[in-house]
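Please look through the structure below.

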Amino acid sequence: MVGATMATATITTALPLRLRVPARSRRGHTRCAVASDATEAPAAPSARLSADCVIVGGGISGLCTAQALATKYGVTDLLVTEARARAGGNITTVERPDEGYLWEEGPNSFQPSDPVLTMAVDSGLKDDLVFGDPNAPRFVLWQGKLRPVPSKPGELPFFDLMSIPGKLRAGLGALGIRPPPPGREESVEEFVRRNLGAEVFERLIEPFCSGVYAGDPSKLSMRAAFGKVWRLEENGGSIIGGTIKAIQDRGKNPKPQRDPRLPTPKGQTVASFRKGLAMLPNAIASRLGSKVKLSWKLTGITKSDNQGYVLAYETPEGVVSVQAKSVIMTIPSYIASEILRPLSSDAADGLSKFYYPPVAAVTVSYPTEAIRKECLIDGELQGFGQLHPRSQGVETLGTIYSSSLFPNRAPAGRVLLLNYIGGATNTGIVSKTESDLVEAVDRDLRKMLINPTAPDPLALGVRVWPQAIPQFLIGHLDRLDAAKSALARSGCSGLFLGGNYVAGVALGRCIEGAYESASEVSDFLTKYAYK
């Protein structure tokens, strides 16, 4: 649950559950703030710099793009500019070493794909990687009970989350015995109900959409949000047919030899770092050194009289002008819209239409004995976490078992739970107090995981992201393509769009998208800017 610009409200001291907290929120900082006079002529610069590439936004997308340019393509004349006083964007790791707690208030983990592992190894973090147990169960709340989700094909006939008729309907649909595609872009709900049936949608995919996108599956685009699955039917006539064809294609086109430096995760799992996700952006920023500029607020971008662009910044040292041969905007779409409007009003209008609903990350701790006995495995809380369908009468989208997933997240005798609440179907969280959110989470957990008579939780952190995760709604890819085309029509060659609304909301997709952006920039510089 990840997945942009955020305002923040953080509990910095442990609070009893029912203690009301005054409104003292550290409401957030835009990752790349734009000065109020963004469309006016900038002040005369006090310094002039130049770079082959300027990356606007020092979140994970921007930092990884910079590192990919440097390590894979040899582009080292670059700058990463960040409006906030720290790099890392949404990644927010908090530690209380004296109490033994470490938790995340943004993304929690990542899929350890080879591009992500390459980024970690190139950042010097190979020995700091930690992997979750691939056999850790995942649960879905259904009819008052936490039910395990099958993790292996052999478990499909035996799990009790779905009925036998529901499983048969899903199997026949996957084979292609189902209604044909409608000939238009489908929502996630439409695609899944048509291909796999109502039970798969209501009991698996709907809570999964809530967990990943904090979104409404009746509005999310299947092609944009879950393109790999969508392409299976598109390419193979059915989900199973597409899977067989993909396996055949891989056999005809084997992957290049794997980098021997990379660790090999055991099974399907998730990963983080020994001291949390913040280790990655911190390590990249440290390696880039003075190429990362913090507290640099972009006030305008214009085309250069020669080639490329001139970017004007307000910085702690005064007004700075940067001449760049290429620019990558990895900031949220609505901020990019403001900056790019003088260059292309059509592109700006398109970028302003992407929707980012609010999400709150609520981190609480209970004593181990507060966990219901039926939820323990060998006397411990084990597993990745749990998801909650909207139909099940709970407000929390899902809960991650942080202290079970990775080591050294909580002291002995305590469990650490990261809960997400809000999203596209519950935008009212922005008007709630921190204590309201903790109470809502605790109330939900006592319905299925925590003993009703357990003591109040230790509330470690509440962070509200008013504009959290971009929604890949129906028409998303068309709007994105239209914005890129509008920039091209305006003569903005060498200006690229990146970030999670382009690549995908998962942390791993942001990193994979960074490599894709770096390839585009390298090709551009080689073909045009270096001549």
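**Helix 4 and its neighbours**

In this predicted model, helix 4 (residues 188–196) packs against helix 7 (residues 227–236) at an angle of about 50 degrees, and their axes are 12 Å apart. The crossing in which helix 4 passes helix 7 is left-handed. On the helix 4 side, Phe191, Arg194 and Asn195 take part, and they meet Val229, Trp230 and Glu233 of helix 7. Sorted by class, the residues of this contact are three nonpolar, one polar and two charged.

Helix 4 also packs against helix 5 (residues 198–213). Here the axes come within 8 Å and cross at roughly 145 degrees. Helix 4 passes helix 5 in a right-handed crossing. The residues of helix 4 in this contact are Val188, Glu189, Val192, Arg193 and Leu196, which meet Ala198, Val200, Phe201, Glu202, Ile205 and Cys209 in helix 5. By class, the contact of helix 4 with helix 5 has eight nonpolar residues, three charged ones and no polar ones.

Back at helix 7, which of its residues are buried? They are Gly227, Leu232 and Glu233. Glu233 is also one of the residues that helix 4 meets. The buried residues of helix 7 pack against helix 4, helix 6 (222–225) and helix 8 (239–252). After helix 7 comes glycine 237, which has a positive phi, near 85 degrees.

**A lysine in a loop**

Elsewhere in the chain, lysine 353 lies in the loop between helix 11 (345–351) and strand 13 (359–367). Is lysine 353 buried or exposed? Its relative accessibility is 57%, so lysine 353 counts as exposed, the cut-off being over 50%. Lysine 353 and arginine 479 are 126 residues apart in sequence, while their C-alpha atoms are 8.3 Å apart in space.

**The whole protein**

The elements described above belong to a protein with 16 helices and 18 strands. Its radius of gyration is 23 Å, close to the 24 Å that the globule rule gives for 531 residues, so the protein is as compact as a globular protein of that length. Along the principal axes, the C-alpha atoms fill a box of roughly 70 × 55 × 45 Å. Of the 531 residues, 55% are buried.

Notes
Residues are numbered from 1 along each chain as its sequence is written. This is a predicted model: local features need pLDDT of at least 70, side-chain atom pairs count only at pLDDT 80 or more; totals for chains, interfaces and linings use all residues. Side-chain values use heavy atoms; hydrogens and water are left out. Axes are lines fitted to C-alpha atoms, for helices over the stretch in contact, and angles run from 0 to 180 degrees between N-to-C directions. Helices (H or I, at least four residues) and strands (E, at least two) are DSSP runs, numbered from the N terminus. A crossing is left-handed if the near helix is turned anticlockwise from the far one by less than a right angle, and right-handed if clockwise. Contact means heavy atoms within 4.5 Å. Ala, Val, Leu, Ile, Met, Phe, Trp, Tyr, Cys and Pro count as nonpolar, Asp, Glu, Lys and Arg as charged, and the others, Gly among them, as polar. The radius of gyration is taken over C-alpha atoms; the globule rule is 2.2 Å times the number of residues to the power 0.38. Buried means under 20% relative accessible area, exposed over 50%, partly exposed in between (1.4 Å probe, protein chains only).
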